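Please open the model in your viewer and keep the selection panel at hand. The tour goes from one selection to the next and says at each stop what is there.

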Amino acid sequence: MTTDNGIDEGDLMKSEVFLPEDYRPVEDEPFMNERQTEYFRRKLITWKNEILAGSRDTIEGLQDGTRAIPDVADRASEETDRALELRTRDRQRKLVSKIDQALRRIEEGEYGYCQVTGDPISLKRLDARPIATMSLEAQERHERREKVHRDD
C-alpha cells in the first residue's frame, strides 16, 4: 500500500529513523549518517513510485485511446504522440533501474560516494540527482573523455 506522499508502506516499515517533514541534509553533519541515508532512500522511493504510477496511466491511456480516426493527418498526429509517450516511458523504465541501483547502494552502505574516486558526492548534487554515481569533477572528466573519443 502507498501513502499519500507516494512512499510504499512496506519500505516505511523498514525505516526506524525519525525524519522531520522539513529535513534537508546539510554539510555540517556527518556524511551519509542515518538521517541523510533515510532522506535519500525516501526521495528515491517516492520518485520511483511516481514514475511507476505514470507508466500505469500511460498503459491505460494507450488501451483506452485505441480508436479509429478517419482523418489521416489526425491519425498521424495521434501516432506521433503515442510514439513520443512510449519513448518517454522507455527512458523512465531505464531510470527506475538506476533508482533501484541507488537503493541497493544505500542498503550496501556505498551510496553517496563516487564510484571512480571514492570521495563523497556533494549533498547538493545528490539532492538534485539522487541517482548520481560520480562526483561532479569525476563526471566532468568522464564527459570530456567521452566527447574526445566521440569526435575521433
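Begin by selecting Arg82 and Glu78, whose side chains meet in a salt bridge with an N to O distance of 3.9 Å; the term stands for a side-chain nitrogen of Lys or Arg within 4 Å of a carboxyl oxygen of Asp or Glu. Both residues lie in helix H3, 4 residues apart, about one turn of the helix, where helices (H or I, at least four residues) and strands (E, at least two) are DSSP runs numbered from the N terminus. Arg82 is partly exposed, with a relative accessible area of 24%; on this scale buried means under 20% relative accessible area, exposed means over 50%, and partly exposed is what falls in between (1.4 Å probe, protein chains only).

Before moving on, note that this is a predicted model, in which local features need pLDDT of at least 70 and side-chain atom pairs count only at pLDDT 80 or more, whereas totals for chains, interfaces and linings use all residues. Residues are numbered from 1 along each chain as its sequence is written, and side-chain values use heavy atoms, with hydrogens and water left out.

Next, select Glu38, Arg41 and Arg42, which salt bridges with shared partners join into one network. Within this group, Glu38 pairs with Arg41, their closest N and O atoms being 2.9 Å apart, and the two are separated by about one helical turn because they sit 3 residues apart in helix H2 (residues 34–64). Is Glu38 buried or exposed? Glu38 counts as buried at 6% relative accessibility, and Arg41 is likewise buried, at 6%.

Now select Lys48 and Asp100, whose side chains form a salt bridge at 2.7 Å, N to O. Since Lys48 belongs to helix H2 and Asp100 to helix H3 (residues 72–108), the pair ties together parts that are 52 residues apart in sequence. Asp100 is partly exposed at 25% relative accessibility, and Lys48 is partly exposed too, with a relative accessible area of 21%. A search of the whole structure finds 8 salt bridges.

For the following stop, select Ser135, which is placed in the loop between H4 and helix H5 (136–151). Ser135 is buried, with a relative accessible area of 6%. Which residues does Ser135 touch, not counting residues up to four places away in sequence? They are Cys114, Thr117, Ile121 and Arg125, a contact being defined by heavy atoms within 4.5 Å.

Then colour the model by pLDDT, the predictor's confidence in each residue on a scale from 0 to 100. The protein averages a pLDDT of 85, and 84% of the residues score at least 70. Confidence is highest in helix H4 (residues 123–128), at a mean of 97, and lowest in helix H1 (residues 9–14), at 47. Over residues 1–7 the pLDDT is below 50, although this stretch has 17 contacts in the model beyond near neighbours in sequence. Residues 9–13 also stay under 50, and for them the model has 7 contacts beyond four places in sequence. Where pLDDT is low, the predicted coordinates should not be read in detail.

Of its 152 residues, 32% count as buried. Among contacts between residues at least 6 apart in sequence, 54% join residues at least 24 apart.
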